[in-house]
Amino acid sequence: MGHGRLEVLPARLLLEDEVFVDLVQRHTGLHPTLESLVRSATGGSLHEVTDSVNVATAIGGTIDWEEVSAASAAHFGVHRVREVSGFPRMVDCLPRDFDNELQSHLAEVVESGGLVLLTGPSAAGKTRSAFEAVQRVCPDWLVCRPEPATDLSGLTAACRTGARHLVWLDDLEGHLHSAGLTASLLAELQRRGVVVVATLRSHLYDDLLQLDSAAVSLGGPTYGSRAAGRLLRQARHVQVPRTWSEAERVEAGRSKDPRVIQALEAGEGYGLAEYLAAGPQLLERWKAGGDRHPRGAALVAAAVDLARTGLAGPLPAGAIEELHGACLQRAGGAALRPEPIKEAWEWATRESLGITSLLVPSEGGGWRPFDYLVTGATQGQEPSGKLDESVWRKALDLAEGQGRSLVAWAALTAERSDIAKEALLPLAAAGETAAMVNLAAVLIESGERSAGERWLREAATHGDGTAMLHLGALLVAADDSSQGKEWLEKAVESGRTQALRLLGDLASQDGEDEAAAELWERGAEQGDDECAVKYGNLLRQRYMVLDDRGTWLQKAADRGLSAAALSFAGWLAYRKQKEAAAYYLIQARERALAAAKEGDPDAMITLGTVLAWEGDAASAESWFRKARQRTPLLMPDWRIVRAQADRGGLQALAVSRSTEEQLAEGQLADVMEGLWPLDCQYCGLSLGAGVPALRVFEQPWGATASLYHLGMCRYPEWTDNDGTRRDSSVGIFKIIGSSEPRLTWTASAAHTPQITLDDKSPLILLVNAGAESVGLVQSEDAQWRMAPSAIHQRQGMMPAGHALNVVAGAATVLRGQLTVKLGLEEWSSEVSRDMERLCKRQGGVLLIITSGLAPVEPSAAVLNMALSAPDAIAGWVPIVQGERKWSPRWRERS
């Protein structure tokens with residue numbers, strides 16, 4: 001006999017399932033909606049509520065409608081300001097630069113329904129601007145302002161027939177739960193022409209988008225509800241800056257209200273709205289309160305600390321009291337003679353300036369710190385500091401449902417992966433696939449690969465496309481390409497375009513260049529930045545240098561792909577189209593920055609690359625860390641390496657993992673000391689102050705490590721062929737690069753007692769034959785080490801410790817100029833009259849070729865570094881009489 005199982009699920013969960021909704025629509029032609037049903041007072045049959053003003057909800061709270069024109073600004077969340085005799089209780093609304101944008105968005109949703117979202121820092125003026133816009137555009141509409149605890153699933157049924165409705169959700173984060181505003185509910189409201197106006201603090205907006213972006217873009221951790229991220233992306237978004245522009249301040253200066261005048265006089269460091277709402281004043285009151293009200297200030301600090309853990313909603317007074325002791329002790333403890341607890345609460349909850357208090361009561365009970373204080377705390381302005389272990393533990397005790405995801409995100413931001421694991425584990429164990437993926441990413445990043453893989457398999461088995469992508473990447477990295485490929489193909493079927501880049505990599509590694517090209521081109525056409533760059537590189541490897549690659553990269557760049565714009569800038573720079581290259585560099589930076597702020601890990605990597613290229617390595621590494629938190633398995637195969645404090649040469653270099661593995665221990669430091677960031681070895685333009693990319697090209701007779709513009713011209717790599725994998729497999733060897741010399745040489749004549757020949761100090765010509773490149777040779781242990789040029793050694797030059805040879809070169813000295821020719825190379829340096837006489841008397845010059853010679857004015861330190869370089873080689877070059885001229889191959893840097 002067979003067995004079956006009957007499960008009862010809340011209807012709203014089915015309506016949030018996109019597959020279920022699509023299935024119903026395809027088979028019935030109808031879109032499923034949720035209608036509120038209530039039982040009559042007499043216990044009779046169920047009937048539909050179609051025209052109710054007050055609808056009681058399952059969680060609690062009510063949905064009350066009133067006309068927009070009758071709504072009170074204070075009741076709708078506008079911060080109060082201090083009262084001044086002879087002026088209205090509310091300051092007149094001051095014009096902002098974004099008013100037209102806001103009104104335009106609102107007019108659009110009035111026609112079609114939808115969500116308008118204002119984001120910005122605490123007390124920036126979001127709520128007031130939204131309230132005034134609503135009053136202007138739809139004064140005769142009905143508006144409701146549900147509390148965060150309200151179940152909104154019956155909201156559509158509560159709308160009156162024949163009326164237009166607006167839903168007001170100030171502090172939207174309180175409504176982003178399964179019974180609150182979901183993507184399916186928003187879609188239904190929009191179909192009915194309902195407008196939703198919401199506000200959200202900017203750091204929460206960034207966090208929620210980043211939670212979702214990792215899932216939808218690269219399969220990384222999604223420390224929060226994906227549904228929230230999808231919902232925010234549907235909004236018409238208006239950003240409200242904290243500080244006011246010069247034009248806004250000029251307009252505000254026309255006001256006669258003394259409160260506005262005082263806010264203007266406070267200086268441009270404050271926004272007018274935040275000053276009017278007493279944000280800075282309350283922050284200062286909290287800081288100063290530690291002298292006379294140390295226990296009260298500690299209560300506020302405890303509440304702020306709890307809010308910083310990501311906890312949303314009211315905080316229990318008991319939890320605040322329990323934690324305040326540690327805050328008090330940190331401030332000085334009993335020596336401060338703290339006041340009684342009752343007096344401390346009275347001070348912390350007392351209104352300041354007639355506006356608000358440090359701790360604000362919640363309508364459902366409990367307390368929240370005034371949100372401006374939390375913003376100040378995250379910016380390091382508050383008396384707290386790093387969160388104590390007890391605070392995190394209390395947050396885990398208090399967090400429920402999706403609130404645990406927000407705690408996990410805050411914990412990761414604070415580098416507390418242990419707390420993040422504890423926060424996510426109950427959600428994952430309960431079957432939430434997003435939490436499984438999040439937990440897996442945290443475990444893998446912490447070194448617990450096996451445990452992470454188990455959670456990824458669990459989520460992938462339940463149909464989660466993000467888990468399929470991440471699991472495929474994990475297996476490929478572990479050399480299980482067969483099983484990894486299967487999961488990646490499933491990820492593509494589930495809509496994860498990023499899997500195409502990895503499938504293309506696998507095809508390329510197997511020598512299937514056509515299959516790789518097809519996969520990368522397909523991914524690029526679907527908007528994947530990395531696929532666009534890989535496909536462009538494949539075109540270059542096929543010798544399609546002049547037209548096809550440039551045409552392709554420009555198309556991809558003009559479609560908005562920031563990494564493609566960066567590569568196209570390099571293509572243009574190679575062709576000396578500097579203005580066009582500069583334009584696409586700006587495009588790459590701006591597009592990457594905008595997308596990175598939205599939480600796109602690909603954009604974070606591109607932005608970090610551009611910032612490193614510009615020389616801001618610290619900011620670049622910060623963006624790379626953020627990307628790694630979201631996509632630890634799909635990060636680039638390179639990192640920024642910094643030089644030791646006492647080493648010369650390069651101070652920062654982008655190096656691939658394969659290069660680090662190929663080099664013998666300690667050799668990377670030597671290579672960095674022997675490279676000087678002068679000109680890019682692809683486009684020939686200056687490397688500037690940016691972090692260059694190290695590209696090592698292995699040839700049958702050795703390897704050459706050279707510097708390039710990071711991202712724009714090359715990414716870090718170790719390669720043995722510029723052609724395709726297939727070229728290499730059939731023995732075709734290609735070198736694709738500059739058709740003209742790019743290396744910069746530098747030379748300096750010296751006479752020093754440090755070097756003697758037959759007890760005499762000869763004239764020395766120190767030469768760095770290529771400042772942007774060094775040679776490498778492979779030792780018997782298969783590791784690569786820095787070594788002198790094989791060409792120079794064949795010409796008779798010898799390393800330290802060997803007998804000196806007379807090399808097949810020639811030196812001339814004439815009119816204060818010493819010139820040495822060796823093979824096809826020629827170097828020259830100015831010499832003094834005494835040096836000229838010494839050279840002629842000795843009949844030659846000691847030539848030392850070394851990567852350690854810095855392209856700067858000579859000094860004792862420069863000389864010491866040049867002589868101690870591991871690739872330094874020397875030879876005696878005899879002098880020839882008369883003046884001889886050779887056509888120089890290499891360029892001399894002035």
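## A tour of the salt bridges, sheets and cores

Start with the whole structure on screen: a search of it finds 32 salt bridges, a salt bridge being a side-chain nitrogen of Lys or Arg within 4 Å of a carboxyl oxygen of Asp or Glu. You're looking at a predicted model, where local features need pLDDT of at least 70 and side-chain atom pairs count only at pLDDT 80 or more, while totals for chains, interfaces and linings use all residues. Residues are numbered from 1 along each chain as its sequence is written, and side-chain values use heavy atoms, with hydrogens and water left out.

**The whole chain**

Switch to a cartoon view and you'll have 37 helices and 28 strands to look at; these are DSSP runs numbered from the N terminus, helices being H or I of at least four residues and strands E of at least two. Of the protein's 894 residues, 53% count as buried. Here buried means under 20% relative accessible area, exposed over 50%, and partly exposed in between (1.4 Å probe, protein chains only).

**Salt bridges**

Now select arginine 501 and aspartate 602. Their closest N and O atoms are 2.7 Å apart, in a salt bridge. This pair ties together distant parts of the chain, 101 residues apart: arginine 501 sits in helix α24 (residues 499–509) and aspartate 602 in helix α30 (residues 601–614). Both arginine 501 and aspartate 602 are buried.

Next, go to aspartate 834 and arginine 837, a salt bridge with its closest N and O atoms 2.4 Å apart. The two are about one helical turn from each other, because they are 3 residues apart in helix α36 (residues 833–842). Aspartate 834 is exposed, with a relative accessible area of 52%, while arginine 837 is partly exposed at 45%.

Then try aspartate 781 and arginine 785, whose side chains meet in a salt bridge at 3.2 Å, N to O. Aspartate 781 is partly exposed, at 42% relative accessible area, and arginine 785 is partly exposed too, at 29%.

For a group, select Glu389, Arg393, Arg416, Asp418 and Glu422: salt bridges link them in a network.

Color β5 to β10 for an open sheet of 6 strands, in the order β5-β7-β8-β9-β6-β10 and with mixed pairing; two strands pair if DSSP finds at least two bridges between them. At the edges are β5 (65–67) and β10 (236–239), each pairing on one side only. From one strand to the next, the twist averages 25°. Axes are lines fitted to C-alpha atoms (for helices, over the stretch in contact), and angles run from 0 to 180 degrees between N-to-C directions.

Zoom in on strand β6 (residues 114–120), which pairs with β10 in the parallel sense over 4 bridges. Leucine 117 has histidine 237 in β10 as its bridge partner.

β23 and β24 (residues 817–822) pair over 6 bridges, with glycine 809 standing opposite leucine 822.

**Nonpolar cores**

Finish inside. A nonpolar core is a set of buried Ala, Val, Leu, Ile, Met, Phe, Trp, Tyr and Cys residues joined through side-chain atoms within 4.5 Å. In the largest, of 131 residues, Trp286, Val300, Leu373 and Leu776 touch the most other members. Another core lies apart from it, with 30 residues including Ala158, Leu169, Leu181 and Leu186.
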